[in-house]
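I opened this notebook to record what I looked up in one structure, going from the whole chain to its ligand and then to single strands and residues.

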Amino acid sequence: MAQDIIIDIRNVSKHFDGKVILEDINLQIRKGEFVTFLGPSGCGKTTLLKIIGGFKEPDQGSIYLNGKDLTGVPPYERPLNTVFQRYALFPHLDVYENIAFGLKLKNVPDKEIDKRVRKMLKLVSLTDYEQRDVDSLSGGQQQRVAIARALANSPQVLLLDEPLSALDRKMRLDMQIELKEMHDKLGITFIYVTHDQEEALTLSDRIIVINEGRIQQTGTPADIYNEPCNSFVANFIGDSNILNGTMIRDRKVNFIGHDFDCIDEGFGENTPVDVVVRPEDIYIMNRNDSCQFNGVVRSCTFKGVHYEMFVDTEEGYEMQIQDYNAFEPGTEVGMLIKPQDIQVMKKDCVCNSFDAEVLDENHVTFLGGRFECKIPREFKAGDTVCASVAFDKVGLMDYADEGELVGRVRFPLYKGDHYHLEIVTAGEALIYADTQEVYDNRDLVAISIAPKDIKISAKK
Ligand code: ATP
């Protein structure tokens, strides 16, 4: 193992109530690194932090600290300290006593305690507050006391679980800068949990993007922002235009009805791909011969530094654009995207395909539902087959008829001219649907598929 690895997470999995919360997480964290676990609510990031802290045990896998397996080592014996979302300060103790608490428990001599507490008070800029009741402090000041208390024990690693989420925006931004300065000054390892992508981009040396219990991407803030590895990361980190495309050949991609030069290679020919273009990477101008595509501005909003515009292209796509110049709604504009600003990504799949069982010559069952369809003659009742359904052939309704599948919408993704939805069925299966309708995360939908849209083939 490399010398500078302090935390090594090996094959960690965790289930709750039969549901996968973390799936085979592998990650190494270097000494002195500021690493952030970033992901939407419920993705498993806090569970991973708690496993590192020893507050939860994994079902499988282990955490190693400086090469030593921590399995079975209780939290208080791990050289780690945690700062929680809620500060968990002792209300009956003043600021000084709160910071000194852990040191007293460890029987550190009074003189040493005094030295460390004063150092911590200085570090968190609370030198004049030592006698104050913690209840009389603002949220930001209370969180500083919690950080000072965690750092007073000189941990090798500081675990921070959404420590700034209870603060207002201004205080949060100030505390972000202070945390970063503290990290640089102390040189200890920080592992930080947040669902706020801006916070992750500001603070981290490295971001670990997690979704549905799996690591999606690991990289520096610039890597993650500029080179998202899939549409989830692109959508979650910053604003982006995410579009269906076709890689025509190396360095040539088609999307929004046009061919574009790009720098990507190795996707093969005529391969369906996802294309990501950041709003600030689309050049918008009065129409001229250098423009690659044209449109009409639908809205223009001043955002403090730049203007945010939504433009309807002639081919019927909506593009989000950020520019220092404003183009008023109704203006006919031209647009340009440079090859290096087009990010091409492999698609996970191009249509739904399910393991299905033939019921009779007109019916199959899959995902726990019964569907009418035409069964090719080579298959008979009881055969296991593959049922394929194109994304745009999955019908969605608000209410289910008896026997129809029901699911919850997850991660709706706007793709310029339609929404691409992931729907999780009651049996935890995934079905993808393309629709013009607007659905929110967690909306309940009934799924119907017309018989002609279910294609039956031999199981691969
Ligand atoms: P948030 O930002 O909302 O805290 P998170 O990404 O930190 O989200 P976790 O707290 O790790 O998510 O929870 C992941 C999933 O595990 C959630 O669906 C949660 O309901 C579930 N979960 C967590 N702890 C338990 C538990 N003790 N028993 C059952 N389910 C749990």
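The entries below follow the order in which I looked things up.

**Entry 1: conventions**

I worked from a predicted model, in which local features need pLDDT of at least 70 and side-chain atom pairs count only at pLDDT 80 or more, while totals for chains, interfaces and linings use all residues. Residues are numbered from 1 along each chain as its sequence is written, and side-chain values use heavy atoms, with hydrogens and water left out.

**Entry 2: the chain as a whole**

I looked up the overall extent and found that the C-alpha atoms of the chain fill a box of roughly 85 × 60 × 45 Å, taken along the principal axes. The secondary structure comes to eight helices and 30 strands; helices (H or I, at least four residues) and strands (E, at least two) are DSSP runs, numbered from the N terminus. Of the 460 residues in the chain, 50% are buried, where buried means under 20% relative accessible area, exposed means over 50% and partly exposed lies in between (1.4 Å probe, protein chains only).

**Entry 3: the ligand and its shell**

Which residues come nearest to the ligand? I noted Ser41, Gly42, Lys45, Thr46 and Thr47, out of the 13 residues around the ligand; a residue counts as near if one of its heavy atoms lies within 4 Å of the molecule. By class, the shell has four nonpolar, five polar and four charged residues. In that scheme Ala, Val, Leu, Ile, Met, Phe, Trp, Tyr, Cys and Pro count as nonpolar, Asp, Glu, Lys and Arg as charged, and the others, Gly among them, as polar.

I then went through the polar contacts, meaning pairs of N or O atoms within 3.5 Å; within protein, one atom must be able to donate a hydrogen and the other to accept it, and residues adjacent in sequence count only if both atoms are side-chain atoms. A polar backbone atom of Gly42 is 2.7 Å from an oxygen atom of the ligand. For Thr46 I found a polar side-chain atom 2.4 Å from a ligand oxygen, and for Thr47 a polar side-chain atom 2.5 Å from a ligand oxygen. The ligand taken alone exposes 640 Å², and the protein buries 62% of that; the areas come from the Shrake-Rupley method with a 1.4 Å probe, and for residues only the protein chains shown count as cover.

**Entry 4: helix α1**

Helix α1 (residues 45–53) gives the most to the shell around the ligand, with three residues. Is this helix enclosed or open? Seven of the nine residues of α1 are buried, so the helix is largely enclosed by the rest of the structure. The buried residues are Lys45, Thr47, Leu48, Leu49, Ile51, Ile52 and Gly53. After α1 comes Gly54, whose phi is positive, near 90°.

**Entry 5: the five-stranded sheet**

I traced an open sheet of five strands in the order β13-β12-β11-β14-β20, with antiparallel pairing; two strands pair if DSSP finds at least two bridges between them. β13 (258–261) and β20 (343–346) stand at the edges, each with a single partner strand, so one side of each is left without a neighbour in the sheet. Neighbouring strands of this sheet are turned by 40° against each other on average, direction ignored.

Strand β11 (residues 241–249) pairs with β14 in the antiparallel sense over seven bridges, and Leu243 has Val275 in β14 as its bridge partner. Four bridges join β14 (residues 271–277) to β20, again antiparallel; there Asp274 is partnered by Met345 and Val276 by Gln343. Five of the seven residues of β14 are buried, so this strand is largely enclosed by the rest of the structure.

**Entry 6: strand β21 and its partners**

β21 (residues 352–360) runs antiparallel to β24 (residues 384–389), with six bridges between them, and Ser353 has Ser388 in β24 as its bridge partner. Three bridges join β21 to β22 (residues 363–366), also antiparallel, and a hairpin connects these two strands through two residues. Val358 stands opposite Val364 in β22.

Asn11, in strand β1 (residues 5–16), has a positive phi of about 50° although it is not a glycine, and is partly exposed with a relative accessible area of 40%. Asp17 likewise has a positive phi of about 50° without being a glycine; Asp17 sits in the loop between β1 and β2 (19–30) and is exposed, with a relative accessible area of 86%.

Note on methods: Axes fitted to C-alpha atoms, helices over the stretch in contact; angles between N-to-C directions.
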